[in-house]
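Take a look at the structure below.

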Amino acid sequence: PVVVVNGSEGEPASRKDRLLLVTRPHLVLDGALVAAARIVSIPHRYVAGEERSLVRLIDGGPAIPSAAPPRPFERGVGGRPTLVQNVETLGHLAQIAAFGAAWFRGVGTEHEPGTRLVTVSGAVANPGVYEMASGTPVTTLLSSVGGAAHDFSAVLVGGYFGSWVSAAHAAAVRLSDADLRPLGAGLGSGVVVFLPAGVCGVVESARVARWFARQTADQCGPCVHGLAAIGGGLAQLARHEADATVTDRLLRWAGDVEGRGACRLPDGAVRFVRTALSVFGDEVRRHRAGTCSATVHEPVLPLGDDRGPT
């Protein structure tokens, strides 16, 4: 059997995997129980971190997902059963092996025990990576990072594969999938971005939608053409060039690509765009009318192709 430690961290707003690998590599190695000589560098593309992409790359192929089944745990690297896990999960495994399950369950919730590494950014006093117990209220997270540096209009939870949540809803939920699921959200990669109130959510969402389109592996039609169409439609809206049918068209295209393709990239893009259209509904209407409420025009959300070397 083969264990693959997934430290790709293709999520542009996340820094937790890098933090673990740089400051606590022994936790990851203890959890993985593999030799460091197995390390493989991968291209900095979102889909390169998908488990089947990693297996193909290690086997000498391109870092793009293959059709499933079989899944890597059935037949992966060299045809052998392969476990692919994120570095945070393996770090937790090492701690559980050392201190026991009861110790791990000493924090968190009954169904989501332990802690999570959360990358916090945006309108906060002290952005960074924080270890928080699962189930921590978002309001407690905010106070733990020094409070809000500015007013915020919405919160992106779970990164770009996650969902936009309104500021009002965010104030009432905890960092748990059970709390976030009714809002169509989940903690995902542990990214939480507090969007400053003066920043346009439509413009920021359009930037990410175009980024999603650039991340395609160019092998599945619904992804290649669908994400390009969705990104283009949101870009038109951001530039005040869309008509009154733009929301219906975007939602229809989202339904056309959802659940299709070799990986889950289209599903993540669809979830992000749908929640953006809902949470920023007032701003969508302003843009259709040719106006925008933004007072800050500097980009807030980092993109994978502008964050520099890793």
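This walk goes through the salt bridges and then the cavity. Keep in mind that the model is predicted.

Begin with the charged pairs. A search of the whole structure turns up 13 salt bridges. Find Lys 16. Its partner Asp 17 forms a salt bridge with it, and the closest N and O atoms are 2.9 Å apart. Lys 16 also meets the side chain of Glu 88 in a salt bridge, at 3.1 Å from N to O. Glu 88 sits in helix H4 (residues 87-99) and Lys 16 in helix H1 (residues 16-23), so this pair ties together parts that are 72 residues apart in sequence.

Are these residues buried or exposed? Lys 16 has a relative accessible area of 5%, so it is buried. Glu 88 has 7% relative accessibility, so it counts as buried too. Asp 17 is also buried.

Now move to another pair. Arg 264 and Asp 267 meet through their side chains in a salt bridge, 3.0 Å from N to O. Arg 264 has 54% relative accessibility, so it counts as exposed. Asp 267 has 14%, so it counts as buried.

Last comes the space inside. The count is 1 cavity of 30 Å³ or more. The largest cavity has a volume of about 80 Å³. Its lining is made of 13 residues, and Ala 217, Gln 219, Cys 220, Cys 223 and Cys 263 lie nearest its centre. By class, the lining has 9 nonpolar, 3 polar and 1 charged residues.

Notes
Residues are numbered from 1 along each chain as its sequence is written. This is a predicted model: local features need pLDDT of at least 70, side-chain atom pairs count only at pLDDT 80 or more; totals for chains, interfaces and linings use all residues. Side-chain values use heavy atoms; hydrogens and water are left out. On a 1 Å grid over the protein atoms alone, a cavity is a set of points where a 1.4 Å probe fits but cannot get out, and a pocket is an open set with protein on both sides within 12 Å along at least five of seven lines; lining residues have an atom within 4 Å of a point. Grid points are joined across faces, edges and corners, and a volume is the space filled by probe spheres set on the points. Ala, Val, Leu, Ile, Met, Phe, Trp, Tyr, Cys and Pro count as nonpolar, Asp, Glu, Lys and Arg as charged, and the others, Gly among them, as polar. A salt bridge is a side-chain nitrogen of Lys or Arg within 4 Å of a carboxyl oxygen of Asp or Glu. Buried means under 20% relative accessible area, exposed over 50%, partly exposed in between (1.4 Å probe, protein chains only). Helices (H or I, at least four residues) and strands (E, at least two) are DSSP runs, numbered from the N terminus.
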